[in-house]
Amino acid sequence: MSAAPARTPPTRRRILRTGLRLAAGLAILVIFGTAALLTPGMATRSLSVQEAAFTATSALAVTGLSVIVPYQDLTLAGQIALLLMIEIGGVGFMTGAVVTLRLLGRKVYLADRLALRDSLGLVEPRAILRIMWQVLTTTLIIQTLAAISFWLAWRVELGAARAAFYAFFHAASSFCNAGFDLFTGSPYFGGAFPTDTATLATSGTLIILGGLGIPVLADLLTWPRRRRRLALHTRVTLVVYLMLITLGALGFLLAETRPGGTLAATPFGRSLELTVFQSISTRTAGIAALPSFENLTSASQWLMMALMLVGCAPASMGGGITTGTLAVLALSFWAYVKGHPAAVIGGRTISWDAVRRAAAILTVSLFAVAVATWLILMTHPVSLDLALFEVISAFATTGLTLAFTTQLNTFGLLVIMAVMFWGRLGALTIVVALAQTAPPQAVTYPEETLLIG
């Protein structure tokens with residue numbers, strides 16, 4: 001009897017680079033999502049291919065930009081499909097892939113662990129499966145509790161059954177920082193997302209939790225049992241988050257309560273409530289709470305663009321350059337100004353590799369935003385601030401718009417879809433996907449100084 005051929009070890013199998021695996025996975029999900037929305041019974045009218053593709057990309061990239069009105073244009077089945085795409089895009093398609101492999105009894109090979117690591121934005125692939133299960137369990141609990149809170153706030157206006165579905169839909173949309181809602185165009189709450197205190201508090205809490213990132217949530221969950229201080233990344237993220245929310249709320253409050261602002265006639269307490277929520281939502285959730293959103297002052301619009309560009313924490317439901325990139329660049333700049341050899345915080349030195357990664361992310365992100373904005377300006381008769389706002393919103397997977405999305409032509413829709421796709425994968429993932437493995441450098445060259453500044 002001849003011996004059975006030996007199995008090729010998984011590590012020797014020819015696999016795509018991690019970045020390409022993530023990009024290909026997201027592209028396949030977009031194709032399936034587009035096909036699902038084009039299926040009969042999903043829409044109340046015949047959706048075009050570009051409408052379905054744009055909506056699927058926006059949902060899977062948890063952005064919220066839309067050329068349709070989900071309440072009017074989608075049936076209940078279509079709204080459920082949209083909800084599923086938001087969950088898949090938010091929690092992470094690679095997480096779902098690994099869960100499927102485990103349920104089928106297959107091993108999770110190193111290639112899958114590395115892909116999941118990059119999908120979650122983690123540094124080391126150790127204990128990935130444990131973190132994955134924590135994420136899934138925590139996500140389910142958080143969204144369920146928030147849905148109950150929404151249901152209690154909306155059951156009188158919507159009725160018990162409709163309120164239950166709306167509660168779960170918007171709990172997922174808020175936690176995943178997706179920005180889709182079922183109130184726009186509806187007869188409920190004036191055809192806009194409710195801005196009562198209970199709704200804003202619940203949605204704002206969900207947005208923050210979804211934007212903190214998986215490592216931060218895992219650290220916070222295990223902190224009481226470990227009885228030691230939080231990890232440096234967690235502490236830095238929480239501080240940056242608090243600073244951005246405070247500065248954003250203060251900026252909106254100053255800009256919009258002046259004569260001519262949208263909150264000029266609004267009581268101070270109510271204005272503070274709305275601006276705090278808008279500061280939380282602007283960075284990547286995309287839910288508009290301020291009245292007459294398209295009529296915001298220019299100062300508020302520029303502040304929004306800055307907040308959107310920063311976005312959420314690494315390995316979170318949101319996009320942007322991330323708070324981690326901002327923190328590393330700010331600390332490195334401060335160290336340079338003070339003449340220190342390296343950036344130090346919390347008794348720890350930030351590695352030069354982290355600084356180079358942060359600089360690469362910022363550079364690539366600004367380049368992508370600049371190119372996309374130029375393409376929009378070349379193909380649409382629109383002002384710079386309007387085009388730039390739309391592109392940054394897509395890149396940061398925020399979903400806020402100055403009523404410009406529905407004015408995009410076919411080429412403009414393709415540009416924004418590409419930017420949303422880019423924003424969800426992350427600039428660094430795109431760089432890794434396109435870069436060739438660098439061979440060992442056999443020769444080193446003498447240094448030379450280039451003038452800068």
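Where in the chain is the place of Thr262? Thr262 sits in the loop that runs between α11 (232-256) and α12 (268-282). Keep in mind that this is a predicted model. Here's a quick tour, starting with the chain as a whole and then zooming in on that threonine and on a nonpolar surface patch.

**The whole chain**
- You're looking at 18 helices and two strands.
- Of the 453 residues in the chain, 50% are buried.
- Take the contacts with a separation of 6 or more: 68% of them come from residues 24 or more positions apart.

- Thr262 has a relative accessibility of 19%, and since buried means under 20%, Thr262 counts as buried.
- Its side chain makes a polar contact of 2.8 Å with the side chain of Glu256, and the α11 range (232-256) ends at that residue number.
- Setting aside neighbours within four places in sequence, Thr262 is in contact with Glu256, Pro291, Ser292, Asn295 and Leu296.

**The nonpolar patch and Ile88**
- Leu76, Ile80, Leu84 and Ile88 make up a nonpolar patch on the surface, and together they have about 350 Å² of accessible area.
- Ile88, one of the patch residues, belongs to helix α4 (residues 76-91).
- Is Ile88 buried or partly exposed? Ile88 counts as partly exposed, because its relative accessibility is 36% and that class lies between the 20% and 50% cut-offs.

Definitions and conventions:
Residues numbered from 1 in each chain as written. Predicted model: local features only at pLDDT ≥ 70, side-chain atom pairs only at ≥ 80, totals over all residues. Heavy atoms only, no water. Helix = DSSP H or I, 4+ residues; strand = E, 2+ residues; numbered from the N terminus. Buried < 20%, exposed > 50% of the residue type's maximum accessible area, 1.4 Å probe, protein only. Polar contact = N/O pair within 3.5 Å; in protein donor to acceptor, adjacent residues only side chain to side chain. Contact = heavy atoms within 4.5 Å. Patch = residues over 30% accessible without salt bridge, like charges linked within 9 Å, V, L, I, M, F, W, Y side chains within 5 Å. Areas by Shrake-Rupley, 256 points an atom, 1.4 Å probe, with all protein chains shown as cover. Salt bridge = Lys/Arg side-chain N within 4 Å of Asp/Glu carboxyl O.
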